[in-house]
Amino acid sequence: MLEQRRTLCNRDCPDACGIVAFVEDGRITRLTGDPDHPMTRGFLCWRTGHFLSLQYSPERITTPLLRVGAGEFRPIGWDQALDLAAEKLVTIRRESGPEAIFHYRSGGSLGLLKHLCDYFFELFGPVTVKRGDICSGAGDAAQLADFGEVDSHDVFDLLNSKNILLWGKNAFVSSPHLVPILKEARARGARLVLIDPAYHRTASLCEKFIQPRPGGDFALAMAIAQVLFERGLVDPRAAETCDNVDAFWKMVRAKPIEEWCEEADVPPACAAALAERLGDGPTAILVGWGMGRRANGSGIVRALDALSAVSGNLGNPGGGVSFYYKRRGAFDTSFIKGKAVAPRTVLEPFFGREVMAPCDPPIRMVWVTAGNPVTMLPESDTTAEALRTREFVVVCDSFLTDTARTAHLILPTTTLLEADDLLGSYGHHTIGVAQPVVPPPPGVKSDLEIMQALAARVGLGEALAGDARSWKRRMIKPEVVERGVTLDVLEKASTRNPIPPRVLFADGKVATPSGRVNLVTSPAAPATRDPAFPLCLLALSTARSQCSLWSEPERDPITAVVHPEAASGIPDGALARLESAISGIVVRVHHDTRQRRDVVVVPKGGHLSQGRCANRLIRARTTDAGEGGALYDEGVRLVPLG
Ligand SMILES: Nc1nc2c(c(=O)[nH]1)N[C@H]1C(S)=C(S)[C@@H](COP(=O)(O)OP(=O)(O)OC[C@H]3O[C@@H](n4cnc5c(=O)[nH]c(N)nc54)[C@H](O)[C@@H]3O)O[C@H]1N2
Ligand SMILES: Nc1nc2c(c(=O)[nH]1)N[C@H]1C(S)=C(S)[C@@H](COP(=O)(O)OP(=O)(O)OC[C@H]3O[C@@H](n4cnc5c(=O)[nH]c(N)nc54)[C@H](O)[C@@H]3O)O[C@H]1N2
Ligand code: SF4
Ligand SMILES: [Mo]
């Protein structure tokens with residue numbers, strides 16, 4: 001019998017799509033996008049559209065695995081696996097205290113119920129947890145400083161925009177369901193501009209494409225601000241709605257426009273064109289999540305916040321600076337205290353170094369939930385070594401990732417098609433529930449079941465008790481339920497979170513203590529590069545994978561896209577070595593005259609075990625604020641093979 005079952009995608013992706021699964025005799029035969037979901041509109045991205053190859057992959061782990069030798073694992077039963085895990089946890093806590101245990105959770109699933117893994121470790125310890133945010137730390141810190149709040153305009157408010165500036169954003173790849181909205185806005189007359197050092201397909205949506213130096217955006221913003229000032233395009237209310245106005249303009253005028261533009265490596269006419277658009281509002285600035293992952297990333301986002309504020313686009317329909325949607329805004333996880341009660345924290349981009357750092361007590365045990373830090377965090381070899389040298393490592397995953405390979409114990413867990421969870425989104429305000437479209441294979445447990453089984457073994461059974469549905473009910477905020485959005489409503493269809501307004505700061509007040517925008521006052525120059533490594537490595541999202549989870553086999557060397565004049569004489573299609581100051585990998589060179597001559601674009605998420613891992617080349621460094629990872633500031637060079 002053929003049935004259609006609906007769920008929500010739980011992947012670390014701004015779109016949080018509705019999925020329709022066609023199930024025939026208990027097996028999923030096809031996946032499509034939910035035509036009734038307001039964002040999804042009936043289509044899925046390539047990686048999830050092709051997810052069945054992973055769901056039914058022979059490489060999927062379907063039984064707990066115990067390490068029996070270097071890289072060798074033996075299947076064991078759940079009772080034995082959980083007894084062993086509980087015994088290690090209890091022994092290490094007794095001997096060294098809970099800070100000797102580090103629980104690392106990342107974004108493999110954005111389901112709210114994953115917080116219950118944190119809850120278990122908090123009640124058991126509290127243990128060591130991560131701090132900082134490899135993904136959006138820099139941008140979050142910027143908007144928090146400027147506006148006292150990190151949220152965005154309703155995504156459909158873009159239909160009110162006259163201009164849309166896609167600032168460091170590859171919608172086609174990283175947020176494909178934004179594309180139809182951008183197209184609709186364009187059909188209604190909006191003018192779109194892309195500002196990105198890398199050429200990509202999203203440029204084809206835009207009437208203008210500006211390609212600054214990597215990290216040159218702060219300088220570009222200063223040039224734009226100066227044009228706004230010179231042409232009288234500054235909002236006269238800015239003096240009342242913003243703090244630090246004099247210091248901001250002093251910084252803007254510290255250099256002539258030409259000098260700022262030189263620092264940004266764009267012609268002054270580009271700054272003028274962008275100023276003209278901001279002055280001809282409403283202009284929405286859409287800030288990509290990627291752009292902040294560099295040494296001056298937070299400064300850049302602050303400069304964009306300031307541009308919106310002084311040009312009078314903040315708080316207006318069709319305007320605003322939208323970066324992150326508060327995806328947890330409808331939900332209550334306040335019973336988990338996190339960093340506030342943790343005895344110790346590990347800075348996420350410095351995972352490898354900090355886990356190995358001599359400290360008292362040392363980190364003896366690491367538990368990884370929904371993450372692949374070896375592949376996805378900088379300095380992959382250091383991260384792998386840190387894990388390999390721990391006394392006991394547990395990884396909960398469905399696949400034998402680079403991180404799982406370092407584990408002593410691997411616990412197999414559910415995939416997005418078996419998930420039972422509550423979801424928000426960081427790309428729009430829709431919330432909903434994931435419901436299993438098929439049960440997991442025998443031998444696979446959900447993270448919640450794993451935590452509950454563990455809790456029962458260490459005397460925390462009662463605290464974690466309850467099925468997924470009752471936890472969902474507990475985690476929806478009362479003010480959401482009061483506005484009619486109950487669990488039963490969400491189970492029928494995804495719904496807009498009733499709390500956030502459609503236009504942020506519409507009353508002219510932001511959420512800082514003064515109610516005024518905190519304008520940035522110190523410049524944030526791009527990182528300098530060692531001439532021996534002249535290309536800036538941009539390891540970016542690709543349509544074929546969700547971070548390190550590829551919906552196609554990872555066989556060939558990764559492709560390095562580079563301007564032919566920056567290819568060190570290596571012909572198009574040839575293999576070469578891509579080297580940084582710390583390591584090298586083999587890549588296939590692809591020439592593209594549309595790229596800048598100082599960048600090389602590779603996919604993020606390739607596995608170390610396959611020789612495809614860009615993070616092997618990238619040193620651990622933090623962003624200027626927010627403890628993010630400066631992932632896009634590593635200098636590299638291409639060297640012929642042989
Ligand atoms: N297909 C696919 N989609 C994904 C993911 C995936 O792995 N695969 N990952 C998901 C995740 S984890 C996240 S956080 C989101 C968003 O994650 P990202 O994929 O990072 O998304 P973007 O917002 O498109 O940001 C990347 C863009 O920023 C640009 N950029 C880099 N440096 C600069 C700079 O200095 N200036 C400017 N102007 N631009 C710069 C890059 O060239 C790139 O085009 O996407 C999600 N979507
Ligand atoms: N060089 C470079 N590095 C980057 C980036 C970049 O742009 N360039 N992007 C960064 C960004 S934005 C991010 S967010 C991070 C992402 O870093 P990670 O969150 O570590 O990324 P993933 O590779 O998606 O790892 C998630 C793992 O969780 C597993 N998983 C999926 N669902 C579940 C589940 O329900 N339970 C459990 N237990 N496991 C599950 C998946 O199989 C996968 O192995 O990487 C960062 N790293
Ligand atoms: S990964 Fe993103 S775009 Fe793809 S189906 Fe999931 S939510 Fe939609
Ligand atoms: Mo991310």
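Contact, in these legends, means heavy atoms within 4.5 Å. This is a predicted model, in which local features need pLDDT of at least 70 and side-chain atom pairs count only at pLDDT 80 or more, while totals for chains, interfaces and linings use all residues. Residues are numbered from 1 along each chain as its sequence is written, chains are lettered from A and ligands numbered from 1 in the order in which they are written, and side-chain values use heavy atoms, with hydrogens and water left out.

**View 1. Where domain 1 meets domain 4.** Domain bounds come from an automatic or database domain assignment, which gives domain 1 as 2-55 and domain 4 as 535-640. Here nine residues of domain 1 are in contact with eight residues of domain 4. The two domains bury about 750 Å² between them, 52% of it on carbon and sulfur atoms; buried area is the accessible area (1.4 Å probe) that two parts lose on being put together, summed over both. On the domain 1 side, look for W46, R47 and L54, which lose the most area to domain 4 and together make up 69% of what that side buries.

**View 2. Polar pairs across the same interface.** Four residue pairs are in polar contact between domain 1 and domain 4, both residues at pLDDT 80 or more. A polar contact is a pair of N or O atoms within 3.5 Å; within protein, one must be able to donate a hydrogen and the other to accept it, and residues adjacent in sequence count only if both atoms are side-chain atoms.

**View 3. The surroundings of ligand 1.** Of the 34 residues around ligand 1, the closest are N170, D196, R293, R294 and S541; a residue is counted if one of its heavy atoms lies within 4 Å. Nitrogen atoms of the ligand lie 2.9 Å from a polar backbone atom of T542 and 3.2 Å from one of V173. A backbone N or O atom of G168 is 3.3 Å from a ligand oxygen atom.

**View 4. The surroundings of ligand 2.** Among the 30 residues here, S106, M376, D397, S548 and Y632 come nearest. A polar backbone atom of N372 sits 2.8 Å from an oxygen atom of ligand 2, and a side-chain N or O atom of K114 is 3.2 Å from a ligand oxygen atom.

**View 5. The shell of ligand 3.** The residues around ligand 3 include C9, C13, C17, C45 and H177. R47 also belongs to this shell.
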